[in-house]
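Open the model in your viewer and keep the selection tool at hand. The stops below go from the contact between two chains to single residues.

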Amino acid sequence: MANIMIRKTAEGGLSFYLPKRDLEDNIVSIEFDQADKWGGELKLANGGTYYVDPMDAPPKLPISVRAKRVDAPE
Amino acid sequence: MSTLTREETESLIQEVLEVYPEKAKKDRAKHLAVNDQSIEQSKKCITSNRKSQPGVMTIRGCAYAGSRGVVWGPVKDMIHISHGPVGCGQYSRGGRRNYYVGATGVNTFAEINFTSDFQEKDIVFGGDKKLAKIMQEIEQLFPLHKGISVQSECPIGLIGDDIEAVSKKAAKEMNKVVVPVRCEGFRGVSQSLGHHIANDAIRDWVLSNRDGQHFESTPYDVTIIGDYNIGGDAWASRIFLEEMGLRVIAQWSGDGTIAEMENTPKAKLNLLHCYRSMNYISRHMEEKYGIPWMEYNFFGPTKIEESLRRIAAFFDDSIKEKCEAVIAKYKPMMQAVIDKYKPRLQGKKVMLYVGGLRPRHVIGAYEDLGMEVVGTGYEFAHGDDYDRTIKEMGNATLLYDDVTGFELEEFVKRIKPDLVGSGIKEKYIFQKMGIPFRQMHSWDYSGPYHGYDGFAIFARDMDMTLNNPCWGKQTPPWKKSADADEVKAAA
Ligand code: SF4
């Protein structure tokens, strides 16, 4: 589990920031992005995948959350 | 002067690494790379923010230096106690020429070294009592100070003093801000973690102090974050932000005050200059207060224009109009600077090795003068810095992270740049090698280099250094004639 921050990018997408490892990357897909469910698996541009517990509604961004590393390259 | 191809640069790295023992070689190889603009993530080509190899000379500082010297030090109306033995504080008191306005010793203190001067007995019995006493003394001797920060040096973390408790108590007694900072030098691999710790201290002890208080705000309130006002840099930036119709409500930490820091959460936009040292707090404010932040680059007219337009895009049309007016106003002045210096500097090659943001930000300013940066590297960057650098640098140029003294010298010998820009520790080596050198940490006692005013000074300084007649006088006359004879004989 690691603390991450998700924020909106200038282009309108989402970006992922993991302070511990200075990892800043674009999120290419998010599992749940609906009015009543938000979160789940986040796929990063570098090929990694993280998991955040789904929330009941899309949060106000940026937000710091705990995330689980499912799969990361290297 | 030749431009190296990708293969040549790669073999240059291999050759330089040859002298190291196997293990060190393997490690150092990861920190040296040939730039490839097609790479999206720097991680794939360069490793950074790792512990330096024992036995090599590198140019890094400690976490205490990052907090005391860089982030907190320039906050002018606070007193920063170097808590621990006396030595650490000596080189971190205003040595970077963080200019400020005020009467030093009366209402501003940035240049004075305050230290608790630890002795053996303080290590054995703990220094908390001493710290409390120092704070009382400060309050009596310098009643106009607006707050105190306690910058821990190595021993504090080792002996387990409770500086937080002392600080809280003193803050209550004095009714001023007292910030304990756990920035012991041994934390982290370089000054970089010190920046982060200092940011966290600002978050925990300063930012929320005025939450809920009334503030006369305007829709155009911005802040300048991470400009340390070296040689007046922040002033040179502020001047045209204000011309654009924006109101700069806080400036950190160069020429900054604690009141400005406390007011920062009232801003509409945080303008971030040094990403490396202050991104943490900007991200925090974005999350907690919803203030967007933006990195800007005020080195050289091209990048300034780009940045100004991006800043203006956050605001309404009146600002956008004024932004164009500002750009138009300075354009002829900048053209005059370029017309004057470009012919003298065109085509010259530069190698940089600095910290923070400069290894990438000044590239634009050199390019405006027709110069090319052929190698760059950071003392204490992280992966995200290199992500931002790859696009700025040409293909097949050299990148070096936490370079060692040996490597940098070898690279310079082989690449033969016309100018090296690095820190004070490298300056005399390269000057003795006969290579023009600019000290790019504190602008070689010059500056400002930011902004429109700064660019004129930057161009003049580069010209002054590069075209200085002294470089043609490196060989004494008697040797020169011998050389000439040899050439004749060979021919
Ligand atoms: S590493 Fe420790 S002892 Fe050395 S300058 Fe930094 S704080 Fe002082």
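Select E24(A) and R283(B): in this predicted model they form a salt bridge, with the closest N and O atoms 3.1 Å apart. A salt bridge here is a side-chain nitrogen of Lys or Arg within 4 Å of a carboxyl oxygen of Asp or Glu. Three salt bridges are found across the interface of chain A and chain B.

β1 (2-8), β3 (23-34) and β6 (63-71) of chain A each supply at least two residues to it, and β3(A) gives the largest share, three residues. Strands (E, at least two residues) and helices (H or I, at least four) are DSSP runs, numbered from the N terminus. By class, this side has five nonpolar, two polar and six charged residues; Ala, Val, Leu, Ile, Met, Phe, Trp, Tyr, Cys and Pro count as nonpolar, Asp, Glu, Lys and Arg as charged, and the others, Gly among them, as polar.

The contact (heavy atoms within 4.5 Å) takes 13 residues from chain A and 16 residues from chain B.

Residues are numbered from 1 along each chain as its sequence is written, and chains are lettered from A and ligands numbered from 1 in the order in which they are written. Local features need pLDDT of at least 70, side-chain atom pairs count only at pLDDT 80 or more, totals for chains, interfaces and linings use all residues, and side-chain values use heavy atoms, with hydrogens and water left out.

Is T47(B) buried or exposed? T47(B) counts as buried because its relative accessibility is 19%, and buried means under 20% relative accessible area, exposed over 50%, partly exposed in between (1.4 Å probe, protein chains only). Leaving aside neighbours within four places in sequence, T47(B) contacts K30(B), H31(B) and D401(B).

The last stops concern the backbone. Most residues other than glycine have a negative phi, and most peptide bonds are trans.

- L61(A) to P62(A): this peptide bond is cis, with omega near 0 degrees. P62(A) sits in the loop between β5 (49-55) and β6 of chain A.
- G447(B) to P448(B): a cis peptide bond, omega about -5 degrees.
- D117(B): phi is positive, about 45 degrees. D117(B) is partly exposed, at 32% relative accessible area.
- N229(B): phi is positive, near 55 degrees. N229(B) is buried, at 0% relative accessibility, in the loop between β6 (221-227) and α10 (233-243) of chain B.
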